[in-house]
Amino acid sequence: MMARKIANAAGRKADRGFAPRPGYPDSVNRLLAGLAKLPGIGRRSAERLAFHILKQDADEALALAKAIHDVKTTVQHCPACFNFADGDLCAVCADPKRDHSVVMVIEQPRDLIAIESTGMFRGLYHVLMGRLSPLEGVGPSDITVAQLLKRIELSAGQPGDNAITEVILALNPTLEGDGTSLYLNETLVARGITVTRLARGLPAGGQLEFATKAVLADAIQGRRTV
Ligand SMILES: [Zn+2]
């Protein structure tokens, strides 16, 4: 079974230290340290959240702790596309009505939610779990490139229309997203796959997950070969 838990590129960055405050009990210091590791949460915000949790009803605070426990113990990555999944295959991969011959490559599961909200795409996805970033030391083996190639290879032997014939590159229009697209294009074209990418209605340097539905829908319809 292939490794389902893929370390997020961000997770490899050094932990930001949170020096324990001598006046606080150990449990409060641990809560502060945990909160301060969340994105966008600095020391002050961590203290604000921690004191809110301390004042909160026990039921509410424990429901939050249980929700965190549950997502970390029950939600996995789909073994086919790496989208989040409660069971085995994710809901998209398990849907026989979707077009299994077209696969859209995206950076993260949140991009899938953005594309799905347009209702314009009926194929499958492949979540890279990051993008190539030579400066941060993220190479092809740190994202799910090998799994994508394997998936395409395995699909070729399947009956019906399930062989993957088109891959749509839908990475963020950033320097790293473009570099990743170029790499994937070369790799996939060499294997005889038709590769298209989203039209450039998306603002350069933007993030897929923040694009409006209309812009995303245009980008899907106007996709072209790389
Ligand atoms: Zn899936």
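Good morning, colleagues. Let me begin with helix α3, where none of the 17 residues is buried, so the helix lies largely in the open. Please keep in mind throughout that we are looking at a predicted model.

How far apart are the end C-alpha atoms of helix α3, residues 58-74? They are 23 Å apart, and this agrees with the 24 Å that 17 residues should span at 1.5 Å a residue.

I turn now to the sheet. Strands of a sheet pair through backbone hydrogen bonds, and the pairing may be parallel or antiparallel. Here we have an open sheet of five strands with mixed pairing, and the order across it is β4-β3-β5-β6-β7. At its edges stand β4, residues 123-127, and β7, residues 224-225, each of which pairs on one side only.

Let us look at strand β3, residues 99-106, together with its partners. On one hand, β3 runs parallel to β4, and five bridges join the two. Among the residues involved, Asp99 has Gly123 of β4 as its bridge partner, while Val103 is bridged to Leu124 of β4. On the other hand, β3 pairs with strand β5, residues 166-169, again in the parallel sense, over four bridges. Val103 takes part here as well, with Val167 as its bridge partner in β5.

What kind of unit do β3, helix α4 and β4 make? With α4 covering residues 109-116, the three form a right-handed β-α-β unit.

Although β4 is an edge strand, this strand is mostly covered, with four of its five residues buried.

That brings me to helix α5, residues 145-155, whose buried residues are Val145, Gln147 and Leu148. These residues cover an arc of only 165° around the axis, which means that they lie on the same side of α5. What do the buried residues of α5 pack against? Their packing is against β3 and β4. On the other side of the helix, Ala146, Lys150 and Glu153 are exposed.

Thank you for your attention.

Note on methods: Residues are numbered from 1 along each chain as its sequence is written. This is a predicted model: local features need pLDDT of at least 70, side-chain atom pairs count only at pLDDT 80 or more; totals for chains, interfaces and linings use all residues. The expected span of a helix is 1.5 Å times one less than its number of residues. A residue is buried if 20 or more other C-beta atoms lie within 10 Å of its own, exposed if 12 or fewer, and partly exposed in between; C-beta atoms are placed from the backbone. Two strands pair if DSSP finds at least two bridges between them. A crossover is right-handed if, with the strands pointing away from the viewer, the path from the first strand over the helix to the second runs clockwise. The arc is that of the directions from the helix axis to the C-beta atoms. Two residues are in contact if their C-beta atoms, placed from the backbone, lie within 7 Å.
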